Amino acid sequence: MIEKLPILSLLIWLPVFGALVVLFITGEKHRFISQWISLVSAVATLLLSLWAWSTFDSSRYYLQFVEDQSWITSLNIRYSLGVDGFSLPLIALTSLMTVIVIISSWNNIKIRSAHYLAAFLMMGGLMNGVFAATDAILFYVFWEAMLVPMFLIIGIWGGPNRIYATLKFFIYTFFGSVFLLIGLIYLGLEAKSFDIFAMHSMVLPLDTQELLFFAFLIAFAVKVPMWPVHTWLPDAHVEAPTGGSVILAAIMLKMGTYGFVRFMLPIVPDASMAMADLMIILSLIAVVYIGFVALAQRDMKKLVAYSSIAHMGFVTLGLFISFALIDKGSIPTAIMGIQGALIQVISHGFISGAMFLCIGVLYDRIHSREIADYGGVVNTMPKFAMFFMLFAMANAGLPGTSGFVGEFLVIIASLQVSFWIAVLAGLTLILAAGYTLWMYKRVVFGEVANEKVAQLKDLKLREYIVLIVLAALVLAFGFYPAPLLELMQPSVEHLIDCNLVSKLSPEGMCS
Amino acid sequence: MLNQLLAIVLLPLIASVIVGLCGQFLGRQWSHRLTIAAVAVATVLATSIAIGFYNGQLKPAEYVLYNWGQFGDLAKGGVKIEVGFLIDSLTSTMMAVVTFVSLMVHIYTIGYMKEDPGYQRFFSYISLFTFAMLTLVMSNNFLQLFFGWEAVGLVSYLLIGFWYKKPTAIFANLKAFLVNRVGDLGFLLGIAGVYYIFGSFNYLEVFEQVKQGFANVDIAVTDEVVWSGITFVCIGLFIGAMGKSAQVPLHVWLPDSMEGPTPISALIHAATMVTAGVFMVARMSPLFEQSEVALNFILMIGGTTALFMGFLGVIQNDIKRVVAYSTLSQLGYMVVALGASAYSIAIFHLATHAFFKALLFLAAGSVIIAMHHEQDIRKMGNLKKYLPITYITSLIGSLALIGTPFFSGYYSKEGIILAVNNSQLAAADYAYICVLIGVFFTALYSFRMFFLVFHTSERMDQHTRDHLKEPSAVVTVPLILLAIPSLVVAWFIADPIVSGRYFGDAIVVAASHDTVAPLIDLYQDWFSFAMHGLAPSPFYLAIAGIMVAWIFTVWKPEWRETLNSRIGFIGNILRNNYYFDKIYINYITAGGVGLGARFWKWIDAGLIDGIIVNGSAKTVAAISGQVRKIQSGYLYHYVFVMVIGLLAFLAWVYWRTLMN
């Protein structure tokens, strides 16, 4: 029976429905009910996504769990869903992080707590929609719709400067999205279909590709975010409540890289190849320049936000060195680079999420994000210090944690493109260790710095649960990334064999 | 066999995790019982494997555990990374040394840390270290090597900062980690180069390709500067070794690492982890034999470290720092041996050094306990009266260190000096001079410390003197157990190691680099070789070193002041560690943070946010303020605008036609 279920629709609409129910159960005395409804629907979504993973046939590249309904017939826009090796891990990640956020914000929100949980549930469903949609307009609808809950989360439950941050966040991303919409409409009219995969096999002249490339670039680069359109992220993180930061870092940034893989690389490969050098330079700026900027931060959340940007630089780097590698004929190395980029996407979800949760644990107790307000936390919170150490090391890319896998693969692959790319990307070894462990030293080690630190209580059960889950995942994928690599491998090979070939003429394109 | 290997690696890990998570529940006794039992079993198994290779019963073999990842189709040049073990005589030697020293340190820790509130945590860390070090030496591929490499670095970081309240300790551990990361960058690039040339991460596949002849690649730094791929690989890997094995200029972290508890100074920062770089180069001997540029580079770095770090040992007053600089200098000796292609002798010295240096550190720890955590040798003296076991074992350790004939250190160090003398490489002469003069300074700093601690007048305060006594058996027994191999181990292993019988194919030396072969005859009889050692110059240099130490500490201590005032400027350079720390901290680290702050202020906040983002928001506000005025409601305004618009449009069409 379960095979017949429209599983992707459930993954989208189950949490949205749960959110709608929770929205109407307000008031302090119903708090308990709203919490449990949220948790149950989030967990149910997670279990569904894991079930989808377990039944997914990872030996094939093509879409699975496909659903297709007509939606706006006059424009040939369809409600069509499906997942492949790129989108399925992201859906699982989204569903997991939604559960994590709901558990971690259980009692922490003092005003409108039901609405807070509802916002995350709704966002989780909509983000699943972004990854599952195979119709460009449907994709765009989810893409824009998911901004709304995030806008509210920062705007209502955020810090003192939240209005500036939300506006900056919204205008930045909306500015990018407009170009995306124009590009998608153009492609849809040309292809006479909004099916994303029909767009993959279109023949496009180079100048058209270049215009589309920039339309995509603006939209996706803002989301990643790539230098120089990254300045919304630190502000948004600083003002966002813990849960908002977690989702922002763990999932929302991945929308940008997903866009590169789903739209930019397959639809405009020739323009992407022509612009690869630019993208590589921007990626290296993200790794090196942002790494230095992170070193100078005094606010823990800002520091982790900048470190996110630097880590995302590896994703774009891994994707865009593939052209030079294919050109040289080293296909396995190109696969390695792209796999590294995609592993980094998932791993960064765990690690940045965990880092923000750790900062949230401290913030809940002391109400400060300033590094200078802490010192000697290990004396009063030894168990917390242990988890924080693990995630800090993962952030620094220590082997044995998932943070290492992606960076390692991308650096290994990039030496074959250029000595300098490998060296500059490799600087992250020093920079990431520098900014992360220096922060750790100032916050956790040392004598108890002040009265507030002396009063700290160690982790609560709820905090334990979320940190243990993330720690287990960080270690599991660090020691044994093969399952994830195998899941993505056919899709990556398909991308290289069929999508990254020239779209200037029908010749050589896969049928 | 695979089960045995898994037990060796995993038992310490399991013990570490259990003690780490449930240490409070288990209590002190069960915590140390559990970890010691795990390491003891690992030691027995590892030693039996080493003996198996020694007897020739075991043959080298690879054991695959699981598939870490695969990239591309194997038939089309794809690559598969499989985690596993490569076990041969080289690996088994390291396994035996690591587990044995670790076991001694575990036992010793019971006494040394008995009053420390972090007792269980400490046992958890050192067991974790044993696991990490074993994965490093037993690895069959470069990825796992890098894992072990960084994992021992992590544990070293945790243990240097073990007393996390001490500002110096948490400074030292961050410094150690970051300096090692600089080396690791080179290491990682080296691994990337290995994959570039050989398309594989597996040792045996890579070595097989080297044997068959391989296509070298060019690595272009600029259009003009193009490096040979294999040289790039070797120098990259060696830069990693320079970090881990603390070679100049990446040596600065090791003296500071003495902030950690003494047992780990013995285990990690003397006997095992710091020798990982030496082991790695020996393991990669087939690669290093392909690049004479790299070998020359190694000779230069090793010789410099051996000599110049020896100088620094002479002026230290902290008992642990003297031993630390001695470690740096001895690591330099091992590295020189590597550069001279005498890999087997480098490993030989690594093994003997592990025993006598662990002994010296633990003896120093014994002194420190007895002195109530006083580490300044100027406040000690005549301890031979109070600590007889520590005195005798320290004497054995020191004599082994300076290379006294019949002691184990003699066989390995003499081998290095002879081998580097045989080397034909350009940098060999420099390295030879360095290691030769180094012998004098080794004897000088060792016996300066020895005399100041155990002889001379009693300079401690009355309270300390009243409580001076030999620590308990958990401290002295490891000293005795380490003193025995420090004296005798070379008698049994010198000949098989130097003759090449023991390492066999595990170490590859090109015929033109073979500096060890001429020594084989010498080593056939350990007794006569020791007698031979009484003749050549290194022995007299060592004697001279002891004499000078004796003159300046026992006979005429007041001469030290005179000397100090005469050559004060050299003393300044030495006391400042050749200004490495000042340059690194004041310029490189502070410069990096300053650069970040400037990037952030000027570019992120100033240019991007200040001018472009918020600036365009302001511009839009300003423009819309103006544009609003256009909507005046007067018809003639609108007509006027329409006319202008129409004219503009016509002008544009006209211009388009003109252009076409």
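I looked up the contact between the two chains: 38 residues of chain A meet 48 residues of chain B, a contact being two residues whose C-beta atoms, placed from the backbone, lie within 7 Å. On the chain A side, I noted that H13 (276-295), H16 (331-366), H19 (402-414), H20 (419-426), H21 (428-444) and H24 (482-499) each supply at least two residues. Helices (H or I, at least four residues) and strands (E, at least two) are DSSP runs, numbered from the N terminus. H21(A) gives the most, with seven residues. By class, I have 29 nonpolar, seven polar and two charged residues on this side of chain A. Nonpolar covers Ala, Val, Leu, Ile, Met, Phe, Trp, Tyr, Cys and Pro, charged covers Asp, Glu, Lys and Arg, and polar takes the others, Gly among them.

This is a predicted model, in which local features need pLDDT of at least 70 and side-chain atom pairs count only at pLDDT 80 or more, while totals for chains, interfaces and linings use all residues. Residues are numbered from 1 along each chain as its sequence is written, and chains are lettered from A and ligands numbered from 1 in the order in which they are written.

I checked the scores: ipTM is 0.92 and pTM 0.91. Chain B averages a pLDDT (the predictor's confidence in each residue, from 0 to 100) of 88, with 97% of its residues at 70 or above.

I then turned to the domains of chain A, with bounds from an automatic or database assignment: domain 1 is 1-149 and domain 2 is 258-502. Their centres, over C-alpha atoms, are 25 Å apart.
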